[in-house]
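User: I'm new to this structure and would like a close look at one part of it. Could you walk me through a few of the charged pairs and where they sit?

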Amino acid sequence: MFHIHRSRLYPRNLYTLTKNHSSRSSFLTPNVQNSNSHTNAAINSLNKFGFFSALTGLNSTSPNVSPSKSPNLVSNGGHVKANSFVRNYCAGKNGEAGSGEWTEDIEYLDESGSVIYSGKGIRSVEPGLDDHVMIGGLKKPILNASAVAKIVEVVKRWKWGPELETQLDKLQFVPNMTHVVQALKIINESDALLSLFKWAKRQTWYVPNDECYVMLFDGLNQCRDFDGIQSLFDEMVCDSIKSATQFSAYNRVLKYLAKAEKLEVSFCCFKKVQDSGCKIDTETYNILMKLFLNKGLPYKAFEIYETMEAAHCSLDGSTYELMIPSLAKSGRLDAAFKLFQEMKERNFRPSLGIFSSLVDSMGKAGRLETSMKVYMEMQGLGLRPSAIMYVSLIESYTKAGKLDAALRLWDEMKIAGFRPNFGLYTLIIESHAKSGKLDIAMSIFRDMEKAGFLPTPSTYSSLLEMHAASGQVDAAMKLYNSMTNAGLRPGLSTYTALLTLLAHKKLVDVAAKILLEMKAMGFSVDVSASDVLMVYIKDGSVDLSLRWLRFMSSSGIRTNNFIIRQLFESCMKNGLYESAKPLLETYVNSAAKVDLILYTSILAYLVRCQEEQNERHLMAILSATRHKAHAFMCGLFTGPEQRKQPVLSFVREFFQGIDYELEEGAAKYFVNVLLNYLVLMGQINRARCVWKVAYENKLFPKAIVFDQHIAWSLDVRNLSVGAALVAVVHTLHRFRKRMLYYGVIPRRIKLVTGPTLRIVVAQMLSSVESPFEVSKVVLRAPGDSVMEWFKKPIVQQFLLNEIPSRADILMHRLNILFPTSAPEIRSLSPPKPLISAKAV
C-alpha cells in the first residue's frame, strides 16, 4: 500500500492506497470493505476536501513535490518493500520504460481500513505539455478555475523575481491568456501584476489583450505608480504597432494621467496615441481639455480641441463650461461664439458663467451689439445678471464713448439692487468729466461721496481739470479745497490746469498762493511759474507779467531766458523802455547772447522814437546788448581820425564778420533798419556805403539786373523806405556812369517798387523832373529819355549829393511798416551820438 499524509486536509487521518483490495492491514475493519453505501460518500468527501485536486497536483504548493523515499507498501504477506516510485504521466512519458496505462484498480481506504472508493488511478500531469488529466481511461480537461487558482497561488507566494518565473514555468498545465486575465482580476498587488504580465509576454501563447492592459493600468493607478503607467504605456504602443490592434486602454491611461495633473506626460502620451492612429473617446478629450484649462494653459486645450473636432467628437456640458470662457478670454471670440451656438443646438443650457464671459469679452473687444445681444438672451432665459456683468457692460460702453447707454445700464444696475463699486464710480465720473458733461459728473461725484467712497486723486484731477478747461474758477477752487482737506495730494497736471485757469482769469494773488502750496508739496515749480508768466505775456498783460516776475524773484523761483526775452519784447512793444532795460540786463548776465535780430529790433524802435527821454532809454538799451553791431554803429558815427580808416573800409570790415549761412536773414533786416536810421539822420554818404557793401556781399543779389541793351532794372520791393531811396539814388548813379562813359544805352529802364514804395520813389524823382512814368508797381522810362535826363546838372548834383526829400514822406512809409500811434512830423536833425563821449 502507498500512504499519503495530508496534514492540512486531514491532520489526524492516514489514507492507504492498495492495488489489491483483498490484502489489507490487520487494523482495518473487515465488515466495511464491500459497503457500496460508503462509496458515494467517500467520493463526495474526496471532492469536498479537494482530494482530487491534490492528486492532480493543482493545489500543491510546488509541482515537483515527490513522495517519500520509503513509502509504505503492503504486500500480500504484510511485509514492507522498499520499491522505487514510478510516476505515470498523462502524456505517456513514464520512467523505467513502464507502461503509460493503469492495469489495476486502486482502492481508497479510510483510517479504519474501510474502502471508500475503488477504481483506476489518476495519472500525473507533465508541466508545459499536458492540458488535461487522465482519470482511468477518461481524459478530463483541467478546469479554468483550477488553473487560475493555481496561478494566483503561485504569484501571491513568490510575488516577483526569477523564482516566481521558475515556478510559473513548472505549472502542470499549459496556461492561456484567459487564465492570465482572470488571475490579474484577483491579484491586487501592482508588483505581482506586472511580474505575471511580463512572464506571460515571453510565452509563445501570449496574445496582446486590451482587458489585460486595463487591469494593469488600474492596479498601477491605485498605487499611484505613474512612472510604471508611462513605462507600460510605451509597451502597449509597441504591442499596438506590432499587432495592429487598437486598445481602449489608451483612454484609461490618458484619464489617469490627466486626473493626476501630469501635464507634460499626459500631453506626450496624447500625441503618441494620436500618431499611432488610435481612437480617443469623447470623455478622454474632455478630461484632457479640463486639465489644461484648469492649469491656465488654454492654447494646449485649444490644440486638443482642434484634434477633437477633426475626430468628429463632441464636447460635454462641463467642457463647454470651461472651453467657451477660455476661448473668449484668449480673444478667440468667433470660436467661442460658435461653441456657444453649438451648445444651444445640442440642448445644453448655458450657465451664467458662459454668458458673463461672452458679455465681458465681446464688450472689451468693442463688439457691443453682440455683447448686448447675449445679455438680452440671458435675461430671456430667466437668468439674473450679476454685479460683475453690469460692471463689465458699463465699462465697455463707457470706454467706447457711449455714455448714454452706460448711464441706462447704471440705473438698471441700481434698480436691480447692486451697489456700484469704487472703480465703477471713478470710471463713470472721469468719463463724463472728460467728455465735458460736468453736470452729470458732479452729480455722480456727490453720490459717490454719499456712498462713503473717498474719490481718488485721479477723480478729483479729472473733474478739476475739466472745470478749469471750461473756465469755471469757483467750481475748480472748491474741488481743489475739498481735495486738500481730504488729505489727498494733487498731481502736477492738476496744479498746472488750476494755475493756467487762474492765469487766464488774471487772479495773480490766488495763483501765487497755489504756486507756493505746490512748492510746499515738493514739486518743482519753475516750469509751472514760467507757464503762468507766458500766459500773461501772450495775453499782452505786461503789468501782470512784471508783477508775476517780481513775485517769482522774491520767492526764489527762476525762469528761462526765452521767457525773459519774450517779456522784454512785450515791454518794448508797449513802450515800457524803463522796465525793459533790467530785463535785458538779466538776459545778458545769464550768459544769453543777444543776436542781430534782437539788436535790430531795438534799433527799429529807436528809428521810430520821437521823444528825447525815450531815445535816451533806447540808447541805454542798445548799449546794454553788448552786441558787436552796437560797436559798429558807434564807429560809424565817429570821424575818420577816431576810426583810423575810411567809412567804406570800416563798413566792409563789419560785414565780413557776419556768418551769412546762419545770419543772412538777420543781416538783411539790419541793413533795412540801419538805412532807415541813416536816412533819417541825414547820413546819405554813410547810407550809400552800407548799401554798396550789402550789394557786394550779395544780400540783395536780384535787386539790379542788366539785360544788355534791352532793359536795365532795379527791384526795391523787399527793401525798407530808407533802403529803397538809397538804392534808387545809388543805382541811378551807376546807370548814369555806364551810359555816359561807355555809351551803352538800353531800350528802357524800370524801377520795380511795388504798390507801397511807388509813391515815395515817384515823389523823390519828381522833384528833379524825371522822365519815369508811374504805373501800379513799376516806374519805367525809355533809355534815350533817361540819357538826356542824366545830362542835366541838377540831376548830377542830385545823384552825387543827397536825397532832396521831405521827412514826412519817409515817416509816412515808416508808419505803414511799423504801425503805432501816429507820430508828429519831425524834421531831420543832425546825427546824435549813440553813446556818450565818455563811453567812447
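Analyst: Happy to! Let's begin with E585, which forms a salt bridge with K581, their closest N and O atoms being 4.0 Å apart; a salt bridge here is a side-chain nitrogen of Lys or Arg within 4 Å of a carboxyl oxygen of Asp or Glu. Both E585 and K581 lie in helix α28, four residues apart, about one turn of the helix. Helices are DSSP runs of H or I with at least four residues, strands are runs of E with at least two, and both are numbered from the N terminus. An α-helix has 3.6 residues a turn, so residues three or four places apart point the same way. E585 is partly exposed at 34% relative accessibility, and K581 is partly exposed at 30% (buried means under 20% relative accessible area, exposed over 50%, partly exposed in between, with a 1.4 Å probe and protein chains only).

A word on the source: this is a predicted model, where local features need pLDDT of at least 70, side-chain atom pairs count only at pLDDT 80 or more, and totals for chains, interfaces and linings use all residues. Residues are numbered from 1 along each chain as its sequence is written, and side-chain values use heavy atoms, leaving out hydrogens and water.

Now to another pair: R565 forms a salt bridge with D595, with 3.2 Å between the closest N and O atoms. This pair links distant parts of the chain, 30 residues apart: R565 is in helix α27, and D595 is in the loop between α28 and α29. R565 is buried at 17%, whereas D595 is partly exposed at 27%.
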